[in-house]
Amino acid sequence: MNPDKATPEPDERRAALALLLRSAAPDRAVLRGALLWLVLAAGLEALGPVLGKAFIDRHLLPHRADLAAITGLLGGALAAGWLANAIRYGQLLRLAGVAMRSVQRLRESVYGHVLRLPMAFFDRAITGQLVSRVTNDTEAVKALYVQLLFVMLDSVIMLLVMMVTMALLNWRLMLIVALLVPAVFGIVWLYQRLSAPAVARTRALRSEINAQAAESIAGMAVIQASGAADRFAQRFADTNQAHFDSRRAELRANAWLLRPALDFLNVAMLAALIGVYGLREQGGALDALEVGVLYAFVSYIARVVEPLIQITMQFSQLQQAVVAAARVNTLLHEPAAPAASGHGRVGAGAITVRDLHFGYQPGRPVLHGLDLAVGPGQFIGIVGHTGSGKSTLLSLLLRFYPAPEGALAIDGQPLAAIADDDFRRSVGLVPQEPFLLAASARDNIAMGRPLDDAAIEAAARAAHADGFIRQLERGYDTPLGEGGARLSVGEKQLIAMARALAGQPRILLLDEATAHIDSETEARVQRALGALRGRVTVLAIAHRLSTIRDADAIIVLNHGRIAERGRHAELMAVEGGIYQRLVQLQQLEADEASDGPA
Amino acid sequence: MTLARLIGGFVLRHWRAYAASGAMLAVIAVLGVWLPRQVGQMVDGLVAQRLQGPALWREIGLLLAAGAVIYGLRVAWRQMLYSTAYRLGVELRVRLYQRLVQQGPRFYQTRRTGDLMALATNDVDAVEMAAGEALLAGFDGTLTLVLVVATMTLGVDWRLAGVVLLPFPAMALSFWWISRHLHAAARQALDAFGALNDQVQETLSGVRTLRALGLEARSSAHFGELAGAASASGLRAQRWEAAYEPAVGLTLSAASVLSLGFGGWLVWRGEMTVGQLTSFGLYLGQLIWPMFAAGWVLSLVERGRAAWARLAPVLDAPLTVDDHGRCGHVVPGTLRAEDLHFAYPAADGTPATTPALAGLGFDLPAGQTLGLVGPTGSGKSTLLKLLQRQWAPQQGRITWGGTALAEHTLAALRAGIAWVPQEPFLFSASVAENIALARPDAPRAEIEAAAREAAVHDDIRRLPQGYDTPVGERGVTLSGGQRQRVAIARALLASGAGGAPLLLLDDALSAVDTGTAARILASLRQHRQGRTVILVSHRLATVMDADQIAVLRHGRITEHGSHAELLALRQPDGHAGWYATQWRVQQIESSLADAEGPTA
């Protein structure tokens with residue numbers, strides 16, 4: 001979807017509206033109540049000039065001094081005005097509450113939905129854009145609510161009540177004032193028609209300016225090296241000039257058709273009212289009753305023009321918000337991953353892979369008929385060159401992508417048939433790039449699960465991470481992640497292992513980091529894995545072959561197929577075999593790394 | 001320079017526009033206060049039945065004429081004042097860009113792209129607003145206030161004015177009080193939103209871990225808390241923002257009633273007319289805008305000042321490249337580096353502790369090819385940057401054709417070197433324009449020839465509009481290998497016949513497959529044209545055929561010779577040299593990569 005789109009499509013408008021109604025639905029009763037009170041407030045507001053008119057017509061001009069009545073009228077006008085303001089403020093607050101709650105509901109549902117989306121979606125999506133949908137776009141929806149509820153609703157109610165009151169006073173004059181409505185709409189419509197091309201052009205040029213600036217800053221070295229600096233500066237100046245011209249065009253429409261025109265309408269309306277008066281008085285004496293009405297109507301004009309302007313001016317801002325709302329709607333309709341509906345449970349932790357074929361995209365297979373049987377408690381190593389399919393196998397075992405039926409099974413049950421919560425508990429993952437929260441070491445291991453300190457520390461010991469954690473400045477309370485202690489790649493992996501082991505899984509999947517880690521941490525990882533033997537089934541994708549040297553079996557993947565399998569010694573005996581070459585390669589790289597000053 | 005002086009200088013430069021706008025605003029203000037008075041007199045005329053027939057029409061005509069004059073003047077000054085203010089924005093942006101374009105890598109090292117972008121956009125906007133909106137609103141608001149109060153006091157009745165204006169200071173005070181609280185609440189709302197944003201960012205970045213640990217429900221609960229906090233603080237901010245209305249409403253109500261009451265009493269005693277009473281009501285309405293304007297102007301000025309405080313240092317930042325050489329063109333000859341020592345300075349200006357180059361020297365006769373290899377971070381790219389004088393060595397020197405690099409003008413040096421950086425940079429333009437970046441007037445035939453040499457001609461032909469296809473941010477996305485080859489074509493065009501005599505390729509073939517790379521290298525050798533080439537690569541096969549190969553480790557050349565010599569090199573302890581070992585490693589790697597299996 002084009003992020004720079006200015007006007008929403010009709011179906012987008014409908015979708016956005018539907019979204020708004022859905023999110024606000026639970027607060028229906030509050031909305032209704034607020035509406036009624038607002039009508040009352042508008043009525044009280046309209047009452048003020050009426051009382052003023054009565055004062056002028058019944059007491060002031062005829063010189064009828066009825067102090068009680070006068071006090072009543074004036075006091076009533078004050079009370080009505082103040083009450084109207086108080087009620088309106090109260091209702092606007094209630095409406096604000098509705099807006100905030102609706103947006104909160106919307107946000108929570110979007111967030112919950114996003115977390116349930118299939119992994120394939122995250123592979124395609126750009127994290128930044130996704131975050132923007134959940135936060136910025138919903139913020140725009142909030143703006144939409146506020147505009148609609150506060151401004152539009154309020155203005156419309158005010159307008160209607162004023163019209164009704166005017167009609168009750170003098171319907172002929174009211175009709176004249178009512179001409180303002182189509183006049184204002186007409187002017188604003190004309191403005192938007194005439195200014196739309198200039199507005200779009202300005203926006204596009206502004207975008208262009210930003211893009212040129214960003215691009216130039218990023219590629220400054222190349223621009224300078226190519227001697228193109230002056231040309232680029234000229235191009236930038238030209239774009240700015242075009243932007244300036246476009247803004248002037250926008251300004252023209254703005255100046256002729258917005259505020260000044262509306263203010264002139266105001267004056268014209270005044271003139272019209274007075275004119276009508278004058279005409280009527282060609283005949284007899286000016287009925288004293290009429291002057292008060294004139295006074296009242298003069299007050300009303302101001303109270304009518306302002307809401308009208310508010311209503312029409314909000315449209316352009318509304319458009320942006322509608323586009324954002326449509327984007328949120330699209331996200332909500334993205335199909336979620338099918339929930340695992342089975343009730344199977346993981347038992348001893350035996351894994352069976354039978355004739356597994358898989359590809360991320362149809363027609364581009366990554367795995368070609370893998371067959372593998374892993375007994376409970378066994379330690380299996382998986383190696384292979386980049387692109388051989390190792391990580392894909394792991395992702396499938398984690399149910400990140402849907403595997404073909406019957407291809408994967410745990411303890412005899414199809415992978416897809418195992419209950420979700422049991423699966424998460426029983427299968428642990430140590431990812432290639434462990435993700436650290438900006439939180440303490442303790443929280444990073446617990447990750448929000450209800451684990452007491454004893455359990456956390458036991459897991460850290462099992463992962464051989466306890467040692468280095470205690471040596472951090474505040475031990476388990478040391479903040480890690482962004483802004484916290486910097487851990488080496490190996491230490492991060494140990495934390496991730498502790499995290500996985502804390503859940504006491506039956507099966508542990510390990511995707512080793514590719515970077516070098518120091519030999520001491522390497523030894524720790526090996527010890528930790530060794531200790532799991534017999535209790536936890538371990539599948540480890542290894543980049544450092546020393547990790548899996550003692551594995552019960554090593555699987556060598558090559559272009560999505562199992563090329564070799566066996567124990568370390570057997571595989572090393574294969575002359576020119578892939579495993580042998582991989583070991584040689586690692587040996588040479590290790591030698592090279594240990595040469596020369598570190 | 002302070003913001004005041006910047007704007008002051010700008011106003012002086014455009015004094016005619018500002019003076020004319022000011023004059024127009026003054027006329028508008030005067031007419032603006034005349035209107036209610038006129039209405040009042042007309043109402044009186046109607047009541048007393050003095051105003052009828054042609055006299056009535058004349059008065060109405062006057063009213064409409066005044067309204068029309070106001071309208072016309074408003075249209076005029078709006079266009080004049082705002083378009084003048086826009087000019088300031090253009091000026092600032094262009095100045096900023098011109099400055100940026102002259103700055104060297106040292107400047108960019110310490111600044112984030114995001115911050116520089118914010119300067120060019122938000123900050124310039126804020127200064128522009130201060131020069132336009134703020135000036136206007138300030139002038140207009142003050143003038144209106146003064147005129148209206150003066151008219152009410154002197155033109156109608158000073159006693160009534162006094163009584164009716166009583167509530168207004170309270171309104172002004174409440175505005176000030178509301179804006180203070182609004183400011184704090186808005187900041188809090190912004191923080192809460194930021195926290196929400198951060199949490200979503202963190203979660204979505206680590207969604208695999210979240211999924212694997214089954215933490216979706218917990219994460220949603222945490223999000224719910226943050227969303228609730230954001231909602232609450234948003235509500236508080238909204239509350240304060242909505243408070244302006246009742247502040248105005250209560251004041252106006254009170255003022256209207258006061259006007260009716262006291263004014264009514266004056267009318268009763270014959271000291272005032274009903275018409276004047278009506279005018280008063282209109283004047284009251286005119287007082288709201290100046291009240292708002294005061295707060296608004298202050299906030300605009302504050303924002304403008306803050307923005308200018310960020311902009312000014314960058315506009316005046318000293319240039320980090322010096323260009324004192326006088327030699328206007330490069331004489332191709334031997335490229336010689338002597339005992340180069342260099343360390344990148346830390347952000348605060350002090351040199352870093354680990355040197356990038358620690359005593360490096362080489363001798364490259366014109367027309368030869370030098371292959372530079374070595375582990376990551378050994379200094380290869382750094383050397384290329386020093387050759388272009390993007391940085392200056394702390395010790396040692398580089399000469400070319402006998403003249404020190406520093407003696408050349410930067411323009412001459414840049415014209416003499418064609419460089420392909422590690423990260424190819426394509427800008428938003430057509431493929432042809434990208435290739436011709438250094439030689440914009442090159443004919444299409446030469447562009448295509450360079451593309452053919454870089455083995456990218458066929459790829460380009462397959463694009464939707466061929467050489468005219470837009471690439472870059474908003475164009476077609478090319479693959480990594482294609483982008484590298486376009487960058488190579490660019491350098492080849494720049495170093496073609498009569499062009500730059502030195503070609504620097506910094507790991508320029510990393511994303512290109514071995515077969516295509518071999519073709520490009522063969523083509524390079526064939527069309528040598530006396531070019532001197534320095535080829536940096538991680539793949540030893542790329543530099544195999546170079547005249548000289550140098551192994552760079554930890555900022556020094558540790559092995560040097562031809563491919564055969566380096567393969568045979570033995571270290572004092574009997575082990576093979578780095579080059580030889582690496583060669584074996586890469587042979588095994590490529591054998592593994594080529595092992596049988598279907599290709600993607």
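Residues are numbered from 1 along each chain as its sequence is written, and chains are lettered from A and ligands numbered from 1 in the order in which they are written. The model is predicted, so to speak of local features requires pLDDT of at least 70, side-chain atom pairs count only at pLDDT 80 or more, totals for chains, interfaces and linings use all residues, and side-chain values use heavy atoms, with hydrogens and water left out.The interface comes first. In chain A, 134 residues are in contact with 125 residues of chain B (contact means heavy atoms within 4.5 Å). The size of an interface is often given as the accessible area lost when the parts come together. Here the two chains, A and B, bury about 12000 Å² between them. Carbon and sulfur atoms carry 70% of that area. Buried area is the accessible area, taken with a 1.4 Å probe, that two parts lose on being put together, summed over both. A:Tyr111, A:Leu115 and A:Ile217 supply 6% of what chain A buries against chain B, more than any other three residues.

Aromatic rings were examined next. Over all chains, the whole structure holds 19 aromatic pairs. Rings of Phe, Tyr and Trp (its six-membered ring) pair if their centres lie within 6.5 Å; planes under 30 degrees apart count as stacked, over 60 as edge-to-face and the rest as tilted. A:Phe236 and B:Tyr97 have ring centres 4.2 Å apart and planes at 15°, so this pair is stacked. A:Phe236 belongs to helix H9 (residues 229–257) of chain A and B:Tyr97 to helix H3 (residues 53–102) of chain B, so the pair joins two chains. Helices (H or I, at least four residues) and strands (E, at least two) are DSSP runs, numbered from the N terminus. Buried means under 20% relative accessible area, exposed over 50%, partly exposed in between (1.4 Å probe, protein chains only).

A second pair also links H9 of chain A to H3 of chain B. The ring centres of A:Trp256 and B:Tyr71 are 6.1 Å apart and their planes stand at 75°, so the pair is edge-to-face. A:Trp256 is partly exposed at 44%, whereas B:Tyr71 is buried at 19%. A:Trp256, B:Tyr71 and A:Phe264 form one aromatic cluster.

Charges also sit over rings. The criterion is NZ of Lys or CZ of Arg within 6 Å of the ring centre and within 35 degrees of the ring normal. A:Arg247 lies over the face of B:Tyr86, 3.6 Å from the ring centre. The charged end of A:Arg235 sits over the ring of A:Phe232, 4.9 Å from its centre.

Strand pairing was then traced in each chain. Two strands pair if DSSP finds at least two bridges between them. Chain A has an open sheet of four strands in the order E2-E1-E4-E5, with antiparallel pairing. E2 (367–374) and E5 (413–414) of chain A stand at the edges with a single partner strand each, so one side of each has no neighbour in the sheet. E1 (residues 351–358) of chain A pairs with E2(A) over six bridges. A:Leu356 stands opposite A:Leu370 in E2(A). Helix H12 (residues 390–397) of chain A lies across E1, E2 and E4 (408–410) of chain A, at about 120° to E1(A). Axes are lines fitted to C-alpha atoms, for helices over the stretch in contact, and angles run from 0 to 180 degrees between N-to-C directions.

In chain B, E1 (residues 335–342) and E2 (residues 357–364) pair in the antiparallel sense over six bridges. B:Arg336 faces B:Asp363 in E2(B). E1(B) also runs antiparallel to E4 (residues 395–400) of chain B, joined by five bridges. There, B:Ala337 has B:Ile398 as its bridge partner.
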